[in-house]
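Here is a short report on selected packing features of one protein chain. Please read it alongside the sequence and the model.

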Amino acid sequence: GSVTVPFHASCLRLLGHELTKPERDRTLVRMCHASGLYVGDNRMTLTENMLEKEANWLLQVDTDIEFPPTLIETMLQLAGTERKVIAASVPLGTAYPTCAFKWTGVPGIYEALPQVGLDPVECDALATAVVMVHRDVFDAIADEHGRSWFHAIHLAKSSPGTAPRDFAYVVNGEDIAFSMRAKAAGCKLWCAHVPGLKHYKTMPLSHDDERSRMLGSLSVGDAMGVLVQEG
């Protein structure tokens with residue numbers, strides 16, 4: 001229920017940018033919004049909506065994100081012809097500095113990469129604050145797991161033989177659950193820094209600020225679904 005002003009303004013700028021193009025060159029098919037108590041269900045709704053339309057990509061953007069009007073073109077460029085799941089990273093907070101995660105070797109336990117660069121880096125799991133997924137990935141997951149792309153996964157934490165009342169589980173939320181299913185279906189996951197993104201928490205968080213400090217100068221749940229038409 002919380003759509004930030006920077007997100008709303010970003011949506012308007014994106015629409016305006018698309019409308020400046022000749023109709024044949026527009027990549028935006030439709031914008032749709034999902035809101036509710038469970039963010040996993042919201043992402044499921046956006047995916048279902050996308051699969052009903054003639055669109056090849058779903059770009060999901062959380063409603064506390066500020067983004068540039070060229071986000072679609074940038075994400076398509078990062079995806080290229082080989083990558084079918086690509087996330088644009090934003091800081092998630094102190095505990096999770098990026099949207100890229102690596103598996104620790106313990107079932108269900110992942111840790112965030114400390115930083116990501118402008119070039120896509122392959123990872124084991126993604127936070128889906130800003131992520132673009134090709135239709136083929138959703139189809140591949142459905143073939144393996146049914147139409148359950150973003151529902152949480154519960155993994156056993158206790159060893160076999162543990163008494164039922166003492167048996168514990170590791171819960172992986174919608175981001176990690178989607179990543180696990182995509183990886184199991186043979187899809188690689190990628191993450192990169194896209195300049196111009198900000199994540200509005202208690203204060204705006206951006207990799208642009210980190211890169212400015214590193215280089216000494218500026219470098220270049222609700223969710224929204226953007227359906228994209230591109231090969």
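Glu 48 sits in helix H2. In this predicted model, Glu 48 has a relative accessible area of 25%. That value falls between the 20% limit for buried and the 50% limit for exposed, so Glu 48 counts as partly exposed.

Which residues does Glu 48 contact, leaving aside neighbours within four places in sequence? They are Arg 147 and Trp 149. Phe 138 is 90 residues away from Glu 48 along the chain.

## Helix H2 against helix H4

Two packed helices are described by the angle between their axes and the distance between the axes. Helix H2 covers residues 39–51. H2 packs with H4 at an angle of about 110 degrees. Their axes are 11 Å apart. The angle lies in the 65 to 115 range, so H2 is roughly perpendicular to H4.

On the H2 side, the meeting residues are Thr 47, Met 50 and Leu 51. On the H4 side, they are Arg 135, Phe 138 and Asp 139. The contact of H2 with H4 has 3 nonpolar, 1 polar and 2 charged residues.

## Helix H4 against helix H5

H4 spans residues 135–145, and H5 spans residues 174–184. Their axes come within 9 Å. They cross at roughly 85 degrees, so H4 is roughly perpendicular to H5.

H4 contributes Val 137, Phe 138, Ile 141 and His 145 to this contact. H5 contributes Phe 178, Arg 181, Ala 182 and Ala 184. By class, the contact of H4 with H5 has 6 nonpolar residues, 1 polar and 1 charged.

## The nonpolar core

How many residues make up the largest nonpolar core? It has 58. Phe 138 and Phe 178 are among the residues with the most contacts inside it. Phe 67, Leu 71, Met 75 and Leu 197 are also in that group. Helix H3, residues 71–79, supplies the largest share of this core, with 6 residues.

## His 134

His 134 belongs to strand E9, which covers residues 130–134. Is His 134 buried or exposed? Its relative accessible area is 10%. The cut-off for buried is under 20%, so His 134 is buried.

A polar atom of the His 134 side chain lies 3.0 Å from the backbone nitrogen of Asp 136. Not counting residues up to four places away in sequence, His 134 touches Asn 56, Trp 57 and Lys 84.

Notes
Residues are numbered from 1 along each chain as its sequence is written. This is a predicted model: local features need pLDDT of at least 70, side-chain atom pairs count only at pLDDT 80 or more; totals for chains, interfaces and linings use all residues. Side-chain values use heavy atoms; hydrogens and water are left out. Helices (H or I, at least four residues) and strands (E, at least two) are DSSP runs, numbered from the N terminus. Buried means under 20% relative accessible area, exposed over 50%, partly exposed in between (1.4 Å probe, protein chains only). A polar contact is a pair of N or O atoms within 3.5 Å; within protein, one must be able to donate a hydrogen and the other to accept it, and residues adjacent in sequence count only if both atoms are side-chain atoms. Contact means heavy atoms within 4.5 Å. A nonpolar core is a set of buried Ala, Val, Leu, Ile, Met, Phe, Trp, Tyr and Cys residues joined through side-chain atoms within 4.5 Å. Axes are lines fitted to C-alpha atoms, for helices over the stretch in contact, and angles run from 0 to 180 degrees between N-to-C directions. Angles under 35 degrees count as roughly parallel, over 145 as roughly antiparallel, 65 to 115 as roughly perpendicular and the rest as oblique. Ala, Val, Leu, Ile, Met, Phe, Trp, Tyr, Cys and Pro count as nonpolar, Asp, Glu, Lys and Arg as charged, and the others, Gly among them, as polar.
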